[in-house]
Amino acid sequence: MKIGIVRFPGSNCEVDCLEAWRVIGQDPVMIWHQETSVKGLDLIVLPGGFSYGDYLRTGAIARFSPIMNDVIRFAKDGGLVWGICNGFQILTECGLLPGALLRNAGLHFVCSPQYLRVESNGTVFTNEYKQGQIIQIPVNHGEGNYTIDDEGLKSLQENNQIVFRYATSNGQVHRNGNPNGSRENIAGIVNKEGNILGMMPHPERVVEDIIGGVDGRGMFLSVLKHFERRGQRGA
Amino acid sequence: MEPKVWREMGLNDEEYEKIKRLMAREPNFLEVGIFSVMWSEHCSYKTSKPILKKFPIEGPQVLQGPGEGAGIVDIGDDLAVVFKMESHNHPSAIEPYQGAATGVGGILRDVFSMGARPVAVLDALRFGPLEEGNNKLLLSGVVGGIGGYGNSIGIPTVGGDVYFHSSYSGNPLVNAMAVGILEHKHIAKAVATGVGNPVMVVGAKTGRDGIHGATFASVELTEESESKRSAVQVGDPFMEKLLMEACLELIQADIIVGIQDMGAAGLTCSSSEMADHGDSGIEMDLSLVPRRETGMTPYEIMLSESQERMLVVPKAGKEREVEEVFIRWGLEATVVGRVTDDGRLRLIEDGKIVADMPVKALTDEAPVYHRPTREPSYYQELKQVNLENVELKESAENVLLALLTNPTIANKEWVYRQYDHQVGTNTVVVPGGDAAVLRVRGTRKGIAMTTDCNSRFVYLDPYIGGALAVIEAAQNIVCVGAKPLAITDCLNFGNPEKPEIFWQFEQACAGISEACRILETPVTGGNVSLYNETPGRAIFPTPMIGMVGLLEDIGQVLGNQIGTEGEQIYIVGELEGEISGSEYLAVFENLEAGLLPELNLQAIKERLKFILKLNKPGLLQAAHDVTEGGLAVALAEMTAACGADISINSSSELKTLFGERLGRIIISVPKKHADAVESLAKADGIPLCYLGESKGINLRIKVNGRECLNIPLGKYRPLYEQTIRNIMDSENEE
């Protein structure tokens with residue numbers, strides 16, 4: 001499987017994503033933001049960071065970068081796109097995912113271990129987890145407060161697009177477990193077709209015990225297995 | 001020229017006469033400006049130099065000692081650790097967010113200009129009490145600024161420390177330390193050599209911000225300081241990220257001779273120092289310097305402290321390659337001059353020479369002052385305060401709870417939660433540990449780092465206190481399983497023109513030197529911040545120590561948390577502490593006094609070696625040093641997952657539970673290793689005292705068979721963990 005990680009000048013989790021994939025046994029390529037094609041790739045990762053400094057609005061400028069035109073085309077053709085943190089912000093800015101990410105309630109940047117409940121293990125990105133499983137993946141953002149209008153929320157729910165919700169240590173989806181004020185404790189969503197995932201937590205930070213846990217591995221393995229299965233089917 | 005001119009720039013009349021002599025003529029306005037910043041305390045160390053010269057700076061591990069942007073220490077495998085600490089106190093007092101942010105930016109540039117990729121930032125912060133004045137706003141702004149800069153550039157903020165004391169009200173301390181990793185072959189230096197080699201300004205454009213920042217840092221803060229807000233720079237972490245990537249690419253491409261950060265005194269300091277190091281001269285045409293404002297005078301261009309700029313001397317003919325690297329990162333690189341062999345700093349504007357002065361006059365000839373020292377009267381008085389009748393004022397339980405909710409001791413999660421401490425995915429011990437630990441990718445090694453200074457000890461006895469700051473840092477490094485390697489320092493003191501202050505400075509440095517000599521942790525660089533005074537009052541002398549250590553095997557990393565029931569808990573070192581200078585005395589008697597226990601550095605060194613010896617074969621579950629608040633507080637800090645049942649015999653409940661004395665470390669030992677630990681201690685002649693074992697969900701302490709404390713974790717942990725959050729979230733938060 002061929003993985004590309006988009007490197008904006010202010011990305012800062014791109015190497016972490018690269019190293020995480022290497023732990024899983026894959027060797028992604030970096031794609032510079034000024035490139036114009038993602039041809040030949042199976043998965044595009046939009047990593048965390050501050051793409052272009054993000055002084056305006058997180059991700060607001062990144063959507064106009066040369067590479068994003070082709071990422072948008074790739075995504076609309078059904079290609080797999082995985083946005084983490086700033087990557088999620090960019091995906092909402094360019095309309096590939098619904099909703100928006102506002103300044104955290106409480107206004108502070110939050111870097112902290114975080115419990116999540118897997119709300120849907122039916123996606124390409126989460127099929128290694130059990131439905132309702134509680135996993136711990138750190139959050140690290142100043143603008144992760146997910147918001148969406150009533151109609152949009154209803155649509156997310158009806159189409160089973162909510163993938164992760166913030167939870168307490170005992171698995172309750174409750175205000176106490178919500179680090180940023182996100183509506184309905186939403187931490188990650190997919191588009192209707194299920195090929196585009198955006199999430200605020202950082203699974204690439206939890207793929208080795210020595211750096212704090214392995215709960216993020218499931219996502220990498222899920223995507224990998226998806227491609228292995230597809231390969232076996234001769235797609 | 002009117003005396004008013006040089007006096008306002010911070011030069012005294014004798015200094016001005018000396019400049020005239022060195023120039024063999026009257027200097028012009030621009031030249032006086034350049035002299036004034038180069039001869040400021042911040043750039044010249046004119047007051048502190050005679051003292052700093054006495055620091056031990058050599059050791060087999062030292063690849064670069066003081067004098068460059070940062071120190072470099074070998075860690076084997078052709079790798080090295082690059083690190084340095086620097087203050088940004090005065091800017092942070094006036095403009096906390098930007099002051100702290102640019103402090104981080106500046107120290108990072110010091111590290112990557114050496115060719116190292118920064119891997120971590122630590123911040124040592126000191127504020128006045130949160131209930132006083134604007135201290136809450138200062139804490140909030142400083143923490144926001146550190147996070148805002150570090151989080152964006154993508155370098156984890158992994159540690160540091162925070163103290164609160166009334167002496168810092170109005171003059172907070174913001175000391176940032178950066179740590180980087182470097183391959184030996186990529187070491188870069190701040191040097192300009194090779195006649196005719198071009199001189200290039202790279203990175204951000206030059207604006208009017210921060211003019212005379214170095215001079216501003218070298219005077220006391222007064223009510224007029226507010227009007228010098230323009231001397232505070234504004235940071236742009238995105239620009240710095242680009243600059244960092246471009247500079248590292250440049251250094252690795254091996255096309256440059258030298259590179260230096262434009263920090264304090266911007267273009268002036270970087271060009272003079274690079275020429276000084278290269279025994280060369282530099283000629284620059286200021287009309288070529290890219291600016292972001294129109295109508296800037298040569299004076300403003302030379303003294304601007306606009307951030308995110310570097311001065312680079314490429315090899316001749318490589319200008320184009322340098323430009324290409326910077327253009328790829330969306331930055332500018334502009335040739336503004338060339339290296340000469342006449343030993344002069346010559347500045348040209350519109351074809352006219354606007355300044356022409358000997359480089360060595362700016363650097364080597366800077367005045368050196370041997371300031372008088374005088375032992376302050378408080379020193380003997382406070383030593384002699386009789387503490388024999390001090391007794392436990394309340395139940396041990398109440399005292400413990402009061403200490404755990406004292407902001408200096410309370411958990412700092414509110415602070416470090418706002419810092420990205422994991423980006424880079426190398427952080428093995430996150431904030432909250434005794435020291436931070438990062439793995440070194442591609443090796444089995446780990447590096448440990450910490451910042452420490454208990455300034456109350458330094459105030460009571462600067463010599464002992466200075467040594468104790470080093471000891472505490474070494475203890476923290478050892479408690480994560482690492483061997484102490486070397487230190488950087490940030491020496492924060494009051495006005496050195498006052499003999500009592502200078503005495504503190506001299507004594508503290510002597511204590512640091514002695515401890516560094518014994519522990520074999522040489523000083524590799526640092527920074528001096530003097531004039532930390534608000535009207536009528538100096539800060540407690542605060543020589544902050546930043547230390548790095550090495551774990552040969554990251555698998556040997558040690559935590560500070562008791563794991564499960566049945567672990568055997570011991571203290572290495574004396575069971576009893578002293579009341580003098582303790583947190584107990586300050587909180588319950590409102591007294592900061594007493595004679596500090598005599599220092600036995602050799603004995604402490606043996607104990608530290610002993611801890612590492614126990615850890616190597618895996619005999620330890622956890623280790624934690626006993627500092628502010630004493631044994632009871634240290635035990636409370638170690639018990640988040642499991643309680644402990646402690647039973648000790650002692651003549652003084654107060655001294656045993658809440659007395660303080662450095663050189664003491666609590667260890668928690670899996671039961672099966674207890675015998676081995678005890679016999680090793682006996683064989684090595686190390687004082688070891690059994691305290692009890694981990695058990696249940698309470699911290700229970702008996703002294704002489706009487707239960708004096710029995711508190712559930714569920715009671716004290718939340719108080720300890722949420723104190724600062726509760727204070728910061730209450731009422732006047734913006």
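Is B:Arg439 buried or exposed? In this predicted model, B:Arg439 is buried, with a relative accessible area of 13%, a value that falls below the 20% cut-off used for burial. This arginine takes part in a salt bridge with A:Glu208, in which the closest N and O atoms lie 2.9 Å apart. The contact crosses between chains: B:Arg439 belongs to strand 15 (residues 436-439) of chain B, whereas A:Glu208 is found in the loop between strand 13 (196-199) and helix 5 (217-232) of chain A. Over all chains, the structure holds 67 salt bridges.

Within chain B, a salt bridge joins B:Glu283 to B:Arg338, with 3.8 Å between the closest N and O atoms. This pair connects distant parts of the chain, 55 residues apart, since B:Glu283 lies in strand 9 (residues 281-285) of chain B and B:Arg338 in strand 11 (residues 332-340) of chain B. The two partners fall into separate accessibility classes: B:Glu283 is buried, at a relative accessible area of 17%, while B:Arg338 counts as partly exposed, at 36% relative accessibility. Both residues also belong to a network of salt bridges that links B:Glu283, B:Arg338, B:Asp342, B:Arg344, B:Arg346 and B:Asp356.

A further salt bridge in chain B is formed by B:Glu324 and B:Arg320, whose closest N and O atoms are 3.7 Å apart. These two residues are four positions apart in helix 13 (residues 319-328) of chain B, and are therefore separated by about one helical turn. An α-helix has 3.6 residues a turn, so residues three or four places apart point the same way. Both members of the pair are partly exposed: the relative accessible area of B:Glu324 is 39%, and that of B:Arg320 is 46%.

In chain A, helix 3 (residues 86-93) is mostly covered, with eight of its eight residues buried. The buried residues of this helix are A:Asn86, A:Gly87, A:Phe88, A:Gln89, A:Ile90, A:Leu91, A:Thr92 and A:Glu93. Just after helix 3 of chain A, A:Gly95 adopts a positive phi of about 80°.

Technical notes. Residues are numbered from 1 along each chain as its sequence is written. Chains are lettered from A and ligands numbered from 1 in the order in which they are written. This is a predicted model: local features need pLDDT of at least 70, side-chain atom pairs count only at pLDDT 80 or more; totals for chains, interfaces and linings use all residues. Side-chain values use heavy atoms; hydrogens and water are left out. Buried means under 20% relative accessible area, exposed over 50%, partly exposed in between (1.4 Å probe, protein chains only). A salt bridge is a side-chain nitrogen of Lys or Arg within 4 Å of a carboxyl oxygen of Asp or Glu.
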